[in-house]
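This report describes selected features of one protein model. The sequence and the structure are shown first.

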Amino acid sequence: MTAKSVRPYHEPAGGWGALKALSEALLVQRVPLKGAATLSRMNQPDGFDCPGCAWPDPKHTSSFEFCENGGKAIAWETTSKRCTPEFFAEHTVTELASWNDHDLEMVGRLTHPMAYDAVSDRYLPVEWSDAFDMIGRELRALPDPNMAEFYTSGRTSNEAAFLYQLFVREYGTNNFPDCSNMCHEATSVGLPYSLGVGKGTVLLEDFDKTDCIFIFGQNPGTNSPRMMTSLRNAARRGASIISFNPFRERALERFQAPQSPVEMITLSSTTISSKLFQVRVGGDVAVLKGIMKILVEADEAARAAEQPEILDWDFIRGHTVGVEALIDDLKRTQWPDIERQSGLTREDMEYAAGAYMKVERAILVYGMGITQHWRGANNVQQIANLALLRGNVGRDGAGVCPVRGHSNVQGDRTVGITEAPKADFLERLEQRFGFKPPAAPGHNVVTALEAMIRGEVKAFFAMGGNFAAAIPDWQATQAALGKLDLTVHVSTKLNRSHLIHGRAALILPCLGRTEIDVQASGPQSITVEDSMSMVHASGGRNKPASEHLRSEVAIVAGVAKATLGERTVVDWDGFLGDYDRIRDAIEAVFPIFQGYNARIRVPGGFHLTSTARERVWATPSGKANFLVFPGCGEDPPQSDPDFLWLTTIRSHDQYNTTLYSMSDRYRGVFGQRDVVFLNEYELKRRGLADGDRVDLITASTDGAERIVRNFRVVAYSFPTGCCAAYYPETNPLVPLYAYDPLSFTPSYKGVPVRLVRFPWNSCRVVDVALRYRRGGRSAANPPGRRPAA
């Protein structure tokens with residue numbers, strides 16, 4: 001294991017550092033040759049889709065269509081290490097629960113279906129048929145189907161996700177907590193009110209045509225490294241790239257392209273951001289309002305001087321409503337409030353506005369730094385406002401670009417994974433299959449967890465992911481998971497969620513994205529949808545890690561048959577035998593997939609049309625809507641100067657909750673993850689020094705103690721009033737009540753915390769919580785569920 005240290009990392013993102021890290025990952029997983037051969041087939045027209053991020057593939061691929069983190073995902077999946085029944089026989093669940101997350105997943109690929117045995121406190125091997133029968137018995141025994149939750153990870157294919165929602169709706173519930181609920185649900189909810197679609201409006205080729213790129217709350221070098229090729233190419237041809245991020249992320253500064261022989265040989269790199277502004281945590285909307293305020297003032301001055309208009313009034317008048325209310329709000333918003341909330345100066349925002357108003361085509365990119373806030377959906381709508389003011393929607397080289405995380409999180413939603421289904425979708429489902437699907441809204445992640453805590457849920461089934469680690473407020477939520485009657489996880493690797501289990505618990509091992517899936521009609525391909533609504537086929541070529549693995553489709557079909565029995569109206573065996581039949585059914589239910597099977601056989605796949613890209617606005621008004629954001633705060637106000645706004649972050653050697661190592665190369669942190677970043681001023685103000693140990697305590701408003709202990713302080717360039725630490729380690733600090741009332745996205749990127757030197761008297765936590773309750777400062781906790789959007 002790497003020795004613990006904190007030291008500067010001076011190299012650019014990518015380059016030789018990335019190649020070295022990837023080589024080390026292949027060696028650690030003992031697959032240097034197999035892994036390298038597998039990488040050559042990743043993101044290729046006749047290969048498989050990267051199981052990591054959802055960044056799209058270029059139309060004309062090279063032989064090098066993978067990045068460092070995608071390569072690590074492949075090393076992680078193709079590993080020669082195995083998690084066998086013999087391993088489980090040697091370790092109790094209680095013992096395994098004491099291991100860290102990295103060590104759990106490093107055991108290797110799961111090889112057999114396993115069932116929990118309470119007497120021995122171990123997982124024991126079980127036959128597939130017995131596992132399916134157990135699930136069927138438990139689900140049929142529930143008095144109400146709404147007492148079960150059916151979670152979906154973003155890696156689930158379109159085919160598996162469609163069958164999954166079909167099974168669950170025939171079972172009788174719309175309880176679909178989904179990983180999207182925890183990341184880009186604010187996009188799915190916020191953008192339809194603005195643009196009529198819950199997805200982005202750009203294609204990959206727009207990055208080759210744009211004059212300007214704004215990046216808000218996104219760290220592409222870690223979260224979607226293949227995006228760096230597009231950013232590098234744009235920067236080298238002279239496009240302005242303006243980045244807003246609390247960190248000076250290395251990839252936003254400079255990038256060395258591994259695909260460029262010149263840069264690799266000369267050790268040179270490309271400057272990415274024309275300007276990189278370190279905005280405060282929760283300060284992006286203040287920046288957006290400041291830029292829009294400058295645009296409005298400049299437009300009024302230009303028109304008064306009879307000069308060309310700054311705003312695109314032809315577009316605004318012809319395609320939008322609500323601009324008058326927006327302009328009125330911007331005029332009433334005061335510069336001291338904008339500067340205080342954003343952490344930037346008016347001059348900073350004038351620079352950004354100047355770059356934006358000079359160009360004809362601009363792309364506005366954003367990530368979870370925008371969505372994972374108390375007002376995440378409103379935040380997204382302000383990005384849409386900025387795009388609309390200059391007509392940057394429905395134009396080549398321009399548009400709104402939310403960067404999704406997991407490789408098919410967007411596709412799962414497209415094929416029916418939603419807790420709030422629309423009536424027309426349910427009607428088409430009934431017409432195609434002949435059963436009456438439930439119409440009442442089901443649970444999302446937050447409402448599912450609330451129902452578990454109340455004791456209203458008895459069963460939890462997860463298609464992938466690491467739910468117990470990803471959720472907020474562990475003290476309450478993990479305890480609730482442990483009280484369920486049944487927990488089932490479809491997985492490729494051992495993870496934390498398997499150890500926080502119900503009375504009956506199953507681990508069902510599935511094929512990975514890289515592996516051959518053979519069914520009755522022969523080898524099968526699955527399909528995925530990327531961040532830009534491109535749908536394409538993916539077919540594994542590697543031998544499965546174990547003969548006992550089953551595809552996600554096979555597992556869903558097996559569970560459905562065992563649960564529904566003779567009352568099912570679905571031909572599960574027919575779907576399992578030939579995935580083309582699943583795609584035919586998807587096309588029948590979702591006409592947007594017209595010609596599905598033929599179109600995925602074209603290299604590169606096809607695009608699911610975005611109405612907003614065509615300037616057709618699927619909103620009640622029939623036009624795009626400017627929407628007002630009152631004030632500048634993305635999170636509830638906190639007036640106590642002792643508290644900092646914590647943002648949870650991903651390390652460079654991490655994908656979601658999967659930890660490839662304990663290091664974070666670009667930020668210079670090695671061999672450890674229990675660290676908190678804050679600047680020298682905040683350290684001095686608290687009497688702390690780099691290397692000190694502290695506890696982090698949430699400013700809770702419900703009297704509950706939320707604390708993580710003994711974190712190392714790291715002095716780092718970061719905005720005043722803020723700090724950062726890794727998730728999932730700091731997810732216990734995120735209260736379940738702290739979520740966006742529109743999208744129910746937890747506020748992982750805005751948590752008020754206090755730092756206290758470690759060790760100390762924990763009784764003081766209660767004093768802190770009570771003081772905040774008496775002060776009346778409370779995060780929103782709206783009742784009810786999100787309506788269908």
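The model is predicted, so local features need pLDDT of at least 70 and side-chain atom pairs count only at pLDDT 80 or more, while totals for chains, interfaces and linings use all residues. Residues are numbered from 1 along each chain as its sequence is written, and side-chain values use heavy atoms, with hydrogens and water left out.

Helices (H or I, at least four residues) and strands (E, at least two) are DSSP runs, numbered from the N terminus. Two strands are taken to pair if DSSP finds at least two bridges between them. The term buried stands for under 20% relative accessible area, exposed for over 50%, and partly exposed for values in between (1.4 Å probe, protein chains only).

Strand β32 (residues 722-726) is mostly covered, with 5 of its 5 residues buried.

| Strand pair | Sense | Bridges |
|---|---|---|
| β25 (residues 644-649) and β32 | parallel | 5 bridges |
| β29 (residues 675-678) and β32 | antiparallel | 2 bridges |
| β25 and β33 (residues 751-757) | antiparallel | 3 bridges |

Leucine 646 stands opposite cysteine 723 in β32 and opposite valine 751 in β33. The bridge partner of tryptophan 645 in β32 is cysteine 722. Phenylalanine 677 stands opposite alanine 724 in β32.

**An open sheet of 3 strands**

An open, antiparallel sheet is formed by 3 strands in the order β21-β22-β23. β21 (526-529) and β23 (606-607) are at the edges and have a single partner strand each, so one side of each is left without a neighbour in the sheet. β21 is joined to strand β22 (residues 534-538) by 4 bridges, and isoleucine 526 stands opposite serine 538 in β22. Helix α8 (residues 158-171) packs on this sheet and touches β21 and β22, its direction making about 90° with that of β21. Contact means heavy atoms within 4.5 Å; angles run from 0 to 180 degrees between N-to-C directions, and axes are lines fitted to C-alpha atoms, for helices over the stretch in contact.

**Nonpolar cores**

A nonpolar core is a set of buried Ala, Val, Leu, Ile, Met, Phe, Trp, Tyr and Cys residues joined through side-chain atoms within 4.5 Å. The largest holds 66 residues, of which Leu139, Phe150, Phe162, Phe167 and Phe433 touch the most other members. Beyond its neighbours within four places in sequence, phenylalanine 167 has contacts that include Leu139, Phe150, Val556 and Trp572.

Glutamine 382 lies in helix α20 (residues 376-389) and counts as buried because its relative accessibility is 1%. Neighbours within four places in sequence aside, glutamine 382 is in contact with Val285, Leu288, Met292, Leu326, Leu627, Val628 and Phe629.

The axes of helix α14 (residues 284-304) and helix α18 (residues 346-358) come within 9 Å and cross at roughly 65°. Residues making this contact include Gly290, Ile291 and Glu297 of α14 and Arg346, Met349 and Tyr356 of α18.
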